[in-house]
Amino acid sequence: MTSLDTLPLAPLLDRLFAEDEASAPFAIPAFAAMPATERDRLMESRTEYRDFYGHLKEMPLAVSRETGRLLYILARSIGARSVVEFGTSFGLSTLHLAAALRDNGGGKLITSEFEPSKIARARTNLEAGGLADLVEFRAGDALETLARDLPDAIDLILLDGAKSLYLDILGLLESRLRPGALIVADNADFSPEYAWHVRAPETGYVSVPFGGDVEVSLRVG
Ligand SMILES: C[S@@+](CC[C@H](N)C(=O)[O-])C[C@H]1O[C@@H](n2cnc3c(N)ncnc32)[C@H](O)[C@@H]1O
């Protein structure tokens with residue numbers, strides 16, 4: 001049995017995913033009142049992403065259950081010990097990645113989030129899952145918090161913050177990726193320049209979109 005399927009994590013994940021599935025961004029009046037074009041513009045903006053996520057700060061916005069398990073499987077299969085995450089929210093993906101580190105024998109997960117209330121909730125969830133000792137929470141805009149004090153080698157990156165920043169965040173981390181490292185980007189279709197980068201053979205990746213919402217890329221260069 002893995003950490004994912006035993007106490008305390010299994011029932012915690014069940015509860016958190018149920019809460020995520022019951023949450024409704026359109027129940028937030030200011031968000032619901034916004035024209036769809038304005039929502040899209042904010043989501044794709046390189047300068048106003050903070051407004052977009054500010055409206056949604058009470059929402060978990062978690063990866064799917066399937067993507068969570070995929071993250072665990074990928075991190076286990078490469079024996080990951082060093083993981084960086086862009087976009088913590090309430091920590092659903094963080095729990096899966098930290099569980100993989102635990103089952104790999106230990107390691108460190110650096111995760112970044114700019115909403116202080118979300119960091120507090122994620123920390124509580126990681127403590128409840130018995131995994132907080134593996135996680136370093138970096139509060140603030142990831143463009144700043146992931147620009148320094150990085151591990152020499154990174155085994156796996158999860159990109160799940162503002163889509164317009166995927167390529168910038170990869171740029172901060174790319175030189176630390178070891179050959180054979182993996183990148184999982186949620187909803188990469190909203191970041192065409194990122195998708196182009198990892199799919200272009202000359203940039204040093206083998207990459208594939210699948211399942212409708214994730215892009216998985218292998219660092220070969
Ligand atoms: C889709 S949610 C992440 C969900 C999380 N990975 C999970 O599965 O539970 C995106 C999160 O990224 C945060 N975020 C977006 N852009 C960011 C940035 N530039 N720096 C730090 N956090 C950011 C948002 O506040 C939001 O909580």
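## Basis of the description

Residues are numbered from 1 along each chain as its sequence is written, and side-chain values use heavy atoms, with hydrogens and water left out. Because the model is predicted, local features need pLDDT of at least 70 and side-chain atom pairs count only at pLDDT 80 or more, while totals for chains, interfaces and linings use all residues.

## Overall form

The chain has ten helices and seven strands, where helices (H or I, at least four residues) and strands (E, at least two) are DSSP runs numbered from the N terminus. Its radius of gyration, taken over C-alpha atoms, is 16 Å, close to the 17 Å that the globule rule gives for 221 residues, so the chain is as compact as a globular protein of that length. That rule is 2.2 Å times the number of residues to the power 0.38.

## The sheet and its helices

Seven strands form an open sheet in the order E3-E2-E1-E4-E5-E7-E6, with mixed pairing; two strands pair if DSSP finds at least two bridges between them. The edge strands, each pairing on one side only, are E3 (135-139) and E6 (205-210). Strand E1 (residues 82-86) pairs with strand E4 (residues 154-159) in the parallel sense over four bridges, and glutamate 85 stands opposite leucine 158 in E4.

Helix H7 (residues 116-128) packs on the sheet, touching strand E2 (108-113) and E3, and its direction makes about 175° with that of E3. Such angles run from 0 to 180 degrees between N-to-C directions, with axes fitted to C-alpha atoms, for helices over the stretch in contact, and contact means heavy atoms within 4.5 Å.

## Around the ligand

The ligand is surrounded by 24 residues, and the closest are Gly87, Ser93, Glu113, Ala142 and Asp160; a residue counts here if one of its heavy atoms lies within 4 Å of the ligand. A nitrogen atom of the ligand is 3.0 Å from an N or O atom in the side chain of aspartate 141, and a ligand nitrogen atom is 2.9 Å from a polar backbone atom of alanine 142.

## Glutamate 174

Glutamate 174 lies in the loop between helix H9 (166-173) and E5. Leaving aside neighbours within four places in sequence, glutamate 174 is in contact with His197, Tyr205 and Arg219. Its side chain makes a polar contact of 3.1 Å with the side chain of histidine 197 and one of 2.4 Å with the side chain of tyrosine 205. A polar contact is a pair of N or O atoms within 3.5 Å; within protein, one must be able to donate a hydrogen and the other to accept it, and residues adjacent in sequence count only if both atoms are side-chain atoms.
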